[in-house]
There are 2 protein chains.
Amino acid sequence: MNTDSLVAQMHALGAAAVAARAPLAQSTSAQRNTALQAAATALRARQGAILEANSTDLAGARARGLSAALLDRLALDAGRVEAMARGLEEIAVLPDPVGRVLAEWTRPNGLRIQRVAVPLGVVAIIYESRPNVTADAGALCLKSANPVILRGGSESAHSSAAIYAALSDGLRAAGLPAAAIQLVPTTDRAAVGILLADMREFVDVVVPRGGRSLVERVQLEARVPVIGHLEGICHVYVHAAADPGMARDILINSKLRRTGVCGAAETVLLDAALPPAARRDLLAALLDAGCAVRGDADCQALDPRVTAATEADWSTEYLDTIIAARVVPGIDAALAHISRYGSAHTESIVTADTKAAEYFLSHCDSAIVLHNASTQFADGAEFGMGAEIGISTERFHARGPVGVEQLASYKYVVRGKGQVRP
Amino acid sequence: MNTDSLVAQMHALGAAAVAARAPLAQSTSAQRNTALQAAATALRARQGAILEANSTDLAGARARGLSAALLDRLALDAGRVEAMARGLEEIAVLPDPVGRVLAEWTRPNGLRIQRVAVPLGVVAIIYESRPNVTADAGALCLKSANPVILRGGSESAHSSAAIYAALSDGLRAAGLPAAAIQLVPTTDRAAVGILLADMREFVDVVVPRGGRSLVERVQLEARVPVIGHLEGICHVYVHAAADPGMARDILINSKLRRTGVCGAAETVLLDAALPPAARRDLLAALLDAGCAVRGDADCQALDPRVTAATEADWSTEYLDTIIAARVVPGIDAALAHISRYGSAHTESIVTADTKAAEYFLSHCDSAIVLHNASTQFADGAEFGMGAEIGISTERFHARGPVGVEQLASYKYVVRGKGQVRP
């Protein structure tokens, strides 16, 4: 498609989304929940068509030689379709994020002031080849009454279109505007550039969900606000006063429960004040569980299976059964390492020393800081916030898990009795 | 200065600000308040030097033919210096915005989760020739533990530098890093472009304070998050069920109490269901008070002093004794007019009909919506939020008055007892 007509097509999506803002903002919670439940039903009813579309995507992806990991992310089966449907139902039963009174107070002059949650506006979500994001992200935006423009990866285009049909069924069943959820119908990569830089008048916020190259492109090109999700270079710091058994359990869980999630630990920092045997046992536990360890000279001296870490290892998100390991001379050195090499996502200190823990929790400037708990709790559902669109590594607007409450803005409602300002 | 050395100079400011982040975040509330009080004392002690610097600026501005309104914004006297000093003292006694527990809950697995306010990061404030912004904005950022880079208008450069010296005295007195508050020492306009687009690695948020041309430049060039302050095209809508006396008082106050503030009304919408005599009286009250009225044909028919409004009048921020006036066929027409021509800043409905009021408050998508109260209450201090850096017209991060609490981000602090994720 030539650029002019692509721009026109994208602007038409933008204008339709803007037109859906007011009706969506004024829709009832019951209407939006009905749409989500009907979409779940439609997902189940359309399972055959979705799996067929997915086969087409998988065949194309295999022909293009995609990695096994990417093929796994792309692949759907009956269980994954059912999980998507259940995800929509879980979002339907969350409390309505719109209209919540976030704060209220009365002024000495009698003015009653409320800060009330309102939708954020038109959201554009740019993601890679996980077809389930079409359902999850569409549902989270619908729940929060934000019109959304979804742009999925080209490898999953058929799957996303089939899933999108179910979301459209849901909107229709509830009498909501079709443009409440839109899927960019072209796989032209130029569409992403237009969404990022040429739709300021239509798009209120862009949410990238994907790997480093997508996030970097968004950061470079975006001319609209972004809720960014950087990689998670998460640390477990085992303090001198750590309980050895607890440290082992937390370390193994943080690294190995699931290695492909952003909350998985990528580096372990061992305090030099830990007895050498304790340090050795921790590394051995990782190695025995099948995890490769890339360590500094101190760690290499503890176990011959530890290979040498390079400078790049300290800032690598492996998402694999590999961990970087370093001995640090104390809590300030641990904090300095995290500040220098981390991505300000999630870090955990293991210690029985409450004072050291509080020092770490206060001084560590990451979105999520934990004491004596696994980094794999970095997850909206685990926080009790319901489904999330990702873990924001921004400091602006939303930090940490981005659930429906974070997909909101607010306004001030002021009720008076004729007050004028002196 | 050549571009390379200007970039180097600006990057040095940025690096110094980043280095001040951690010490400022860990400083105590008492330390920051001491700095603010010492700065107030220094402002009073330096009054002579400040007024002398201001004379230099005023002479330069007169020579360049600046308007009387701009000269008035630029001019300082003993009273204005004292007001700045008192402003700092008022900020010193506000509650500490950092470290507040915004929410806390315990999960079924025993994890205790807190959402805790933390500083937002390095703030860059770009403003025009109001020297008092140097003191106000510097103080608000210091209170909220954010390093700030101030870039004032070139016309006020000498005044800002003299005021800045007092802020530096305050930082020194409290043992805080000098780079907690920095003033861009060059009046080169290219410095603004560098702040907006070439300091991503140093600056977390840009706050423009100024007229439309500055805001437009920022929106066009900024590659970092912005807390924008658009103009205030504020409306008073006099509903059919309005009390005539209350409507007159609110209208006169909204327009004329101070015409130069962003919360001043710029358009009045009169409901067609109001008796013609009531509409005539409202326009007469404005005209008799010395306000020019630019109206549609209906308004012109009510009073011969009303001149014809053009399309441009509906979206003009006069900041003067001029108001646009229109008769609308009902509440939905009023909302449609506001949505089309307004800036989503502040609007007021005057009515004795609670149902109509609630409909307006719910459907009007502006940062501040009022019922039976003057639009001139659009002000952080009037809201009880203390001093503010402006009224944000963004939907993202902060909307409405931006006080110290809005200059914050948050993080999640999670305390466990060895929990791992199943």
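Strand β16 of chain A runs parallel to strand β13 (residues 368–373) of chain B, and five bridges join the pair; strands count as paired if DSSP finds at least two bridges between them. This is a predicted model, in which local features need pLDDT of at least 70, side-chain atom pairs count only at pLDDT 80 or more, and totals for chains, interfaces and linings use all residues. Residues are numbered from 1 along each chain as its sequence is written, with chains lettered from A and ligands numbered from 1 in the order in which they are written.

**Across the strand pair**
- Opposite A:V414 you will find B:L370, a residue of β13(B).
- Helices (H or I, at least four residues) and strands (E, at least two) are DSSP runs, numbered from the N terminus.

**The contact surface**
- Chain A and chain B bring 49 residues each to the contact, where contact means C-beta atoms, placed from the backbone, within 7 Å.
- On chain A, the elements giving two or more residues to the side that touches chain B are α10 (244–256), α14 (354–363), β13 (368–373) and β16 (408–419).
- β16(A) supplies the largest share of that side, with 11 residues.
- By type, that side of chain A holds 22 nonpolar, 16 polar and 11 charged residues.
- Here Ala, Val, Leu, Ile, Met, Phe, Trp, Tyr, Cys and Pro are nonpolar, Asp, Glu, Lys and Arg are charged, and the others, Gly among them, are polar.

Definitions and conventions
Two residues are in contact if their C-beta atoms, placed from the backbone, lie within 7 Å.
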